[in-house]
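Good morning, and thank you for joining. Please look at the structure on the screen while I go through its packing and its surface.

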Amino acid sequence: MTSQRRLLNLPWLLIVAVLLCTWGIMLYHVARESIWYDEWMTWEFSRWGLAELAEAIQGDVHPPLYYSWVWLWMTFTNSQDVSIM
């Protein structure tokens, strides 16, 4: 009976081991890229004032409130690149 329980627990142990390895790899590589291009563009647009922002993003695919929200968030968090990632 106990050997059957061990065999039933084996898949769960494998799943947990894979998840822990994946988490470790993610933590190892988390600081490799500081900020990506799309995040940089969002940061660049959102650090302008609201009037310049509204004029600059007229042809963009994102809703204007997105950049306004990011501008508000960056103002609240002192506009660090980590605050928008």
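I begin with Leu53, which, apart from its neighbours within four places in sequence, is in contact with Phe45, Ser46, Trp48, Tyr67, Ser68 and Trp71; contact means heavy atoms within 4.5 Å. Leu53 sits in helix α3, residues 50–56, and counts as buried, with a relative accessibility of 1%. For these classes, buried means under 20% relative accessible area, exposed means over 50%, and partly exposed lies in between, with a 1.4 Å probe and protein chains only.

A word on the source. This is a predicted model, in which local features need pLDDT of at least 70 and side-chain atom pairs count only at pLDDT 80 or more, while totals for chains, interfaces and linings use all residues. Residues are numbered from 1 along each chain as its sequence is written, and side-chain values use heavy atoms, with hydrogens and water left out.

Now the overall arrangement. The protein has 4 helices and 0 strands, in the order α-α-α-α from the N terminus. Helices here are DSSP runs of H or I with at least four residues, strands are runs of E with at least two, and both are numbered from the N terminus. Of the 85 residues, 13% are buried. Among contacts between residues at least 6 apart in sequence, 44% join residues at least 24 apart.

How do the axes of α2 and α4 cross? Helix α2, residues 37–46, and helix α4, residues 64–76, have axes that come within 9 Å and cross at roughly 80°. That makes α2 roughly perpendicular to α4, a term for angles of 65 to 115 degrees. The axes are lines fitted to C-alpha atoms, for helices over the stretch in contact, and the angles run from 0 to 180 degrees between N-to-C directions. On the α2 side, the contact is made by Thr42, Trp43, Phe45 and Ser46; on the α4 side, by Tyr66, Tyr67, Val70, Trp71 and Met74.

Which residues of α2 are buried? They are Thr42, Glu44, Phe45 and Ser46, and these buried residues pack against α3 and α4.

Between α2 and α3 there is a loop that holds Gly49. Gly49 is partly exposed, at 29% relative accessible area. Its C-alpha lies 9.4 Å from that of Ser68, a residue 19 places away in sequence.

Finally, the surface. The accessible surface of the protein is about 7,400 Å², and 68% of that belongs to carbon and sulfur atoms; these areas come from the Shrake-Rupley method with a 1.4 Å probe, and for residues only the protein chains shown count as cover. Leu27, in helix α1, residues 2–29, is partly exposed, with a relative accessible area of 43%.

Terms used:
Parallel < 35°, antiparallel > 145°, perpendicular 65-115°, else oblique.
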